[in-house]
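Keep the viewer open as you read.

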Amino acid sequence: MNKAPFKDSTLPVEKRIDNLLELMTIEDKLGQLNQLFTDRVIPLKEELTEQVRKGKISSFIWPKADPAERNRIQRIAVEETRLGIPVLFGMDVIHGNRTCFPIAPGMACSFEPELFEKAQAVAAKETRAEGVEWTFTPMCDLARDARWGRVAETCGEDPYLSALCNVAQVKGLQGDDISAKDKVAACLKHYVGYSCPRGGRDYSDTEITEWTLRNSHLPPFKACVDNGAATIMSSFNAIGGIPAVANHHTLTEILRDEWRFDGFVVSDWMAVKEQISWGFARDNAEAAKLAISAGNDMDMLSKCYLETLEQQIESGEISAEVIDTAVRRVLKVKFELGLFENPYVEEDAYENTVLKPEAVALAREAVAKSTVLLKNENVLPLTDKVKSIALIGPFGDDQVEMLGCWSERSNPEDVVTLKAALMERYGSDTEIKVVKGCDVSSEQRMICLQDGSTVVDRDADPNEGCLDIGGAIAAAQSADIVIMAIGENRTLTGEGGSRATLSLSGKQQELFDAVAASIETPIISVVFSGRSLAIPEVFEKSSAVLFAWQPGIQAGPGIIDLLSGDVAPTARLSMSVPHHVGQMPLYYNHFVTGRASGGVYRDNVPTSARFWFGHGLTYTSFEYSDIRIEPGKANAPAKAVARITNTGDREGVETVQLYVRQLACSKGARPMQELRGFKKVSLLPGKSAEVVFQITDEVLSYTNRNGNECVDHGEFQIWIAPHARCGEPISYKY
Ligand code: GLC
């Protein structure tokens, strides 16, 4: 018997979709726009299994990592339904599956997009092996306000670096062909303008102008769309009072008409229905109509599409074409993933795929390249003269904390802590004392339910938990070097992880202050956090500070590689570090305004960052000289050139950064600085090299309100510098 054309893999995908659409009923079509939660239980609840059997579920989110159960569900969809359309399994694999890498802002500090691409290629391989074909990453939002816990998922505060890192993630996740057994469909999120919530509180409203949307928040998304991202997730926030899930301007005018995006858009969790609480939609039916008409194709969890669109098509409220367009987009990704040809996964592949030695080695390299040396008063790298070390603080040996936020697939037992790595590297000939000193935190005790979900234990006594200051002081006083392993606990970052302060969590500040007051011994602080922190005492009283973010399973080895000098630090801050939480939102690339000082705090809090975007030290020093512009020629752009010299006694890598500012732009004021290039140069002691940046139109351009890239003739300032807000600019007339 001839098989239906849609099953013929030799036909073009569009032809297969045409045929399938002809065969689909409206129920079938609405089923393809419906994504539900597995409830993370095995076996799948009967009510959900029944809906699969009826073709009412297009995708499941958050399955357990269980290939056999995943195949059992898929078999029902493929073999027990009339059309056999496969289910698409999606999961938040954000910074690694079982091989857990540093969180994104840390990876971005590497200023090495290729590293990001390799890491996400590992994540894709492990994720596809478990039977998940779609991961809800990369997050293309910008970090503007460290009080917002989701900065822990961003690639930092700069659109240029974020775009490079996010494109690298898409390439690592998707490769050239998402039907490959080691690739998955990426999902750009959260589209768009989610990352500046009022008060830094997740889910609260954001107010972003079209100009800032076009020039700060959209560029990372556009770069990824231009590089073939398969899917996009619309965000919880509203833009100009219109929820992003139902915003025709962003979802259709920009995404489809301007950018020609040809994948599909999924809402965020229940966001279709949440238009009602926004005060935007009257009821589920209007919410569904507004969202699908604006260009949001798939409904994550609210079931508004499944339960209300059929009537609205029958009544003429919504045209069948709107539905077909959305279904076509979803089917296109399912065909391109190869799900119709290979709906099942090898059930023993996952355990044989995860934690490969080369993947673990990459994770270790990533930790060393993500950890920023913020301060070093000649105490690092450790020398062999150190005969006794005290490791103090709750992050020294906490496997769970090293995994950070959004690490559902990662196992604490796979983590090598700082204590373990320190013992391994120095334990044989150095006396090492380890004192936890206090708990990671008492703000939120998380308790795990038997289904694996975690909830906040509201009954936790905020004062409970150990506080062993005496033990910590005793250990510190008997050591040549004190390493403080401190930070903020991971439940304070990620979704919903907003804070009104940027301090160490729990009683760690008390512990740090007591230890610092009790010794003259140099303190090396290793800070673990999902965000920039305002911890002045730590920065001022430590002789060295390493900012390790949430580093993943190779936390210890990667950090020891830096402490020992086996690897020289190269990381540069992807987000600025404040003096005080009151400075939030804080980012280097803000507008100058009519009063360049931008105003001051009368209560003497500095207005500058303690460490600006791009800052990071290494074990040598560099000098920038002979910074100049070489005029362009007939068919070659002008060049910005600098001579970089290694003035220290160790080899080192410098990340030379190019910043620009357009002094007058009548379409809209430009930020006071914008990163538009960086180059790494490795130099032996005493050696120097010239670093050259081409001043192309792209380096000088901005996006106007119609989405066009523009370059104006006029005056520019150009910096070639080691970080933002450093050095004097040179003038350039374009
Ligand atoms: C959440 C998050 C989003 C995540 C999605 C699925 O609400 O906002 O980042 O991908 O739901 O888990």
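How far does a polar side-chain atom of Trp62 lie from an oxygen atom of the ligand? The separation is 3.1 Å. That is a polar contact, meaning a pair of N or O atoms within 3.5 Å; within protein, one must be able to donate a hydrogen and the other to accept it, and residues adjacent in sequence count only if both atoms are side-chain atoms.

Before going on, note that this is a predicted model, where local features need pLDDT of at least 70, side-chain atom pairs count only at pLDDT 80 or more, and totals for chains, interfaces and linings use all residues. Residues are numbered from 1 along each chain as its sequence is written, and side-chain values use heavy atoms, with hydrogens and water left out.

An N or O atom in the side chain of His190 sits 2.6 Å from a ligand oxygen. Glu495 also takes part: a polar atom of its side chain is 3.0 Å from an oxygen atom of the ligand. On its own, the ligand has 310 Å² of accessible area, and the protein covers 97% of that. Accessible areas come from the Shrake-Rupley method with a 1.4 Å probe; for residues, only the protein chains shown count as cover.

Now look at the shell. The ligand is surrounded by 14 residues, and the closest are Asp92, Arg150, Lys189, His190 and Asp268. By class, the shell has 8 nonpolar, 1 polar and 5 charged residues. Here Ala, Val, Leu, Ile, Met, Phe, Trp, Tyr, Cys and Pro count as nonpolar, Asp, Glu, Lys and Arg as charged, and the others, Gly among them, as polar.

Step back to the whole chain. The protein chain has 23 helices and 27 strands. Its radius of gyration is 26 Å, close to the 27 Å that the globule rule gives for 734 residues, so the chain is as compact as a globular protein of that length. The radius is taken over C-alpha atoms, and the rule is 2.2 Å times the number of residues to the power 0.38. Helices (H or I, at least four residues) and strands (E, at least two) are DSSP runs, numbered from the N terminus. Along the principal axes, the C-alpha atoms fill a box of roughly 80 × 65 × 50 Å.

How much of the chain is buried? Of the 734 residues, 60% are. Buried means under 20% relative accessible area, exposed over 50%, and partly exposed in between (1.4 Å probe, protein chains only). The accessible surface comes to about 27300 Å², with 49% of it belonging to carbon and sulfur atoms. Contacts, defined as heavy atoms within 4.5 Å, tell about the fold. Among those between residues at least 6 apart in sequence, 77% join residues at least 24 apart.

Asp158 gives a local example. It is found in the loop between strand 4 (134-135) and helix 7 (159-174). Its relative accessibility is 2%, so Asp158 counts as buried. Leaving aside neighbours within four places in sequence, Asp158 touches Leu142, Tyr588, Asn589, Phe613 and Leu675. With Tyr588 there is a side-chain to side-chain polar contact of 2.5 Å. A polar side-chain atom of Asp158 is also 2.9 Å from the backbone nitrogen of Tyr160. The C-alpha atom of Asp158 is 7.3 Å from that of Ser574, although 416 residues separate the two along the chain.

The Thr308 side chain reaches the backbone oxygen of Cys304 at 2.7 Å. Beyond its neighbours within four places in sequence, Thr308 is in contact with Asn284, Ala285 and Ala288.

Finally, check the backbone geometry. Most residues other than glycine have a negative phi, and most peptide bonds are trans. Leu380 and Pro381 are joined by a cis peptide bond, with omega about 0°. Pro381 lies in the loop between strand 11 (372-376) and strand 12 (388-392). Another cis bond joins Met584 and Pro585, with omega about -5°. Trp406 has a positive phi, near 50°, and is buried at 18% relative accessible area. Arg725 has a positive phi near 60° and is partly exposed at 28%.

How values were computed:
Near = heavy atom within 4 Å.
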